[in-house]
There are 2 protein chains.
Amino acid sequence: MTKPEKKDGTVGKALEILDLVAEVGRPVRFSELLVTSQHPKATLYRFLQTLTNQGMLSYDEEKQTYAMGLRLVRLAHSAWQNSSLAPVAADILDQLEKEIGETIHLAQMENGQVLFVDKRRSSVLFETLAQTGRVAPAHCTGVGKVILAYMSAERLERALRQQAFVPYTATTHRDRESLIKEFEEIRSAGFAFDREEHEQGIISIAAPILLNNGRVVGSISVATSTTRFTLKDLEAFKPALLNATQKIGDAATTWQFPSPS
Amino acid sequence: MTKPEKKDGTVGKALEILDLVAEVGRPVRFSELLVTSQHPKATLYRFLQTLTNQGMLSYDEEKQTYAMGLRLVRLAHSAWQNSSLAPVAADILDQLEKEIGETIHLAQMENGQVLFVDKRRSSVLFETLAQTGRVAPAHCTGVGKVILAYMSAERLERALRQQAFVPYTATTHRDRESLIKEFEEIRSAGFAFDREEHEQGIISIAAPILLNNGRVVGSISVATSTTRFTLKDLEAFKPALLNATQKIGDAATTWQFPSPS
DNA sequence: CCATTAGGTTCCAAATATTGAGACCAAGTT
DNA sequence: AACTTGGTCTCAATATTTGGAACCTAATGG
């Protein structure tokens with residue numbers, strides 16, 4: 001009673017199961033879900049049934065596995081167009097890419113995680129983990145930290161509670177205090193670095209996208225590998241980066257702006 | 001009792017509302033949804049509430065509008081990777097693009113509609129309506145007709161019932177009979193044409209992707225404008241196209257294959 | 001400037017859908 | 001052949017959803 005936190009009935013539970021399947025990231029068996037979810041057999045079974053014939057999941061009869069359904073990609077298309085910064089930012093990202101020629105990510109906050117909503121690929125073949133639609137932890141990425149640093153106290157509190165502080169590398173922030181300490185630094189600099197905090201050998205510089213009323217709605221980063229650039233080198237991109245975030249912020253303010261998570 | 005057709009309780013209804021919002025394709029007001037949905041005020045309100053704080057919808061307080069939520073793009077990423085043909089087909093599409101240098105679409109069936117799950121853009125600046133995640137009617141597109149033509153009787157029946165037969169252009173099939181008649185032709189040819197049936201000035205050639213057991217799981221099309229090619233010209237792509245669909249079919253058979261809608 | 005209305009939100013008892021223990025079934029293992 | 005493991009089905013108890021109507025609030029108009 002002191003911590004209900006969630007009160008969304010059947011629909012909420014069903015969606016929880018979708019998340020579960022999504023998290024696994026591959027087709028998954030009934031029994032596997034049975035242990036990770038808290039539900040009894042019959043209940044889980046019915047949810048799976050419902051979600052499957054709604055097209056939110058797909059069921060492979062032969063392998064007897066569940067995977068995410070195609071209806072989601074249809075729905076997501078609409079989400080991407082209407083609720084993400086991607087359409088507003090597209091032209092500006094194109095321009096930024098031409099200017100600096102490195103990998104660029106456009107990210108927003110989704111339930112305490114960083115969600116990549118668009119990107120431009122470096123011409124050099126170099127893959128980061130990030131693809132459009134992919135998520136990453138907020139506490140150890142440039143895009144994540146810079147959004148957190150500019151959040152309102154209320155939203156920040158909620159987001160911090162959602163951080164698991166998984167220590168990916170030696171430089172990853174391991175607790176709330178350490179992370180919060182960096183925020184002041186980020187705010188006074190106007191941008192954040194990722195110092196190989198998520199992936200060994202990958203660094204980035206990220207700046208916040210602010211609405212004219214001061215609200216953060218997302219961020220952009222330029223990411224590269226330590227074999228090609230140092231943090232100092234990345235700092236050279238700062239003017240171009242801030243110019244881009246400024247423009248996107250302006251555009252998003254006048255345009256239909258998305259409500260943040 | 002004679003035609004329940006849908007029996008998915010609360011979850012089904014909630015998802016129906018998501019579809020509703022997606023269909024509008026722009027942020028939408030409460031009152032607008034109230035008339036298109038069948039639900040009473042209070043009920044709709046609660047659903048919107050639930051979906052919003054689940055991140056499936058986003059609410060713009062200022063404009064008082066609902067739009068699709070970012071959680072969907074996160075979930076869809078997983079769907080696209082696990083349940084679509086896109087990952088299996090990626091390399092083959094790349095190759096096909098190099099070979100013929102025209103716009104290519106990879107499509108699957110989703111609830112009676114054609115869903116584009118990937119594409120390769122022609123180097124010539126030429127935009128079709130199709131983007132990844134976008135949907136189109138099945139009865140008037142090459143990718144749609146060719147999938148229908150190879151479906152099992154049972155699945156076909158279901159799909160046909162979902163066709164609205166909107167007459168986009170002069171050549172669009174206007175009824176079930178006319179459409180069915182073309183299926184034999186398609187099957188004996190092994191591919192389908194789109195004769196400006198969806199968009200004036202856009203034609204395409206499409207071939208089915210078949211699992212080794214004969215089941216259709218998707219299709220590929222090469223689309224172009226009538227100012228650049230004729231149907232005869234498109235037919236020249238047939239060998240390359242069939243080669244690609246064959247390979248994708250093989251790959252999909254051995255690989256984790258998605259369950260069709 | 002008050003009256004009126006349209007768009008949203010909240011309440012609550014009745015109607016309905018969800019829930020889960022356990023029975024059941026199929027297929028593979030020992 | 002008995003035994004597991006993985007999955008599906010049934011049914012009564014229970015919790016949730018439901019929607020009419022009251023209630024807000026901010027616009028609109030007279």
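A salt bridge is a side-chain nitrogen of Lys or Arg within 4 Å of a carboxyl oxygen of Asp or Glu. Keep that rule handy, because this tour starts with one such pair.

**Before you click**

What you have open is a predicted model, where local features need pLDDT of at least 70, side-chain atom pairs count only at pLDDT 80 or more, and totals for chains, interfaces and linings use all residues. Residues are numbered from 1 along each chain as its sequence is written, chains are lettered from A and ligands numbered from 1 in the order in which they are written, and side-chain values use heavy atoms, with hydrogens and water left out.

**Stop 1**

Select Arg74(A) and Asp19(B). These two form a salt bridge, with the closest N and O atoms 2.4 Å apart. The pair crosses between chains: Arg74(A) sits in helix 4 of chain A, and Asp19(B) in helix 1 of chain B. Helices here are DSSP runs (H or I, at least four residues), strands are too (E, at least two), and both are numbered from the N terminus.

Now pick Glu110(A) and Arg74(B). Their side chains meet in another salt bridge (2.4 Å, N to O). How many salt bridges are there between chain A and chain B? The count is six. Over all chains, the count comes to 26.

**Stop 2: the rest of the A–B interface**

Colour the two chains separately and look at where they meet. On one side 56 residues of chain A are in contact with 57 residues of chain B, contact meaning heavy atoms within 4.5 Å. The area buried between the two chains is about 4900 Å², and carbon and sulfur atoms give 60% of that. Buried area is the accessible area (1.4 Å probe) that two parts lose on being put together, summed over both.

There are also 15 residue pairs in polar contact between chain A and chain B, both residues at pLDDT 80 or more. A polar contact is a pair of N or O atoms within 3.5 Å; within protein, one must be able to donate a hydrogen and the other to accept it, and residues adjacent in sequence count only if both atoms are side-chain atoms.

**Stop 3: DNA strand D**

Show DNA strand D next. It is surrounded by 16 residues, the closest being Ser31(A), Lys41(A), Tyr45(A), Lys13(B) and Arg46(B). A residue is near a strand if one of its heavy atoms lies within 4 Å of it.

Zoom in on three of them:

- Ser31(A): a backbone N or O atom lies 2.8 Å from a phosphate oxygen of DNA strand D.
- Tyr45(A): a polar side-chain atom lies 2.6 Å from a phosphate oxygen of DNA strand D.
- Lys41(A): an N or O atom in the side chain is 2.8 Å from a base nitrogen of DNA strand D.

Of the atoms of DNA strand D within 4 Å of the protein, 61% belong to sugar or phosphate and the rest to bases.

**Stop 4: DNA strand C**

Switch to DNA strand C. Of the 16 residues around it, Lys13(A), Thr43(A), Arg46(A), Lys41(B) and Tyr45(B) come nearest. Sugar and phosphate account for 56% of the atoms of DNA strand C that come within 4 Å of the protein.

Click on Lys13(A): a polar side-chain atom lies 2.9 Å from a phosphate oxygen of DNA strand C. Over on chain B, a polar backbone atom of Ser31(B) is 3.1 Å from a phosphate oxygen of DNA strand C. Which helix gives the most to the surface near DNA strand C? Helix 3 of chain A, with four residues.
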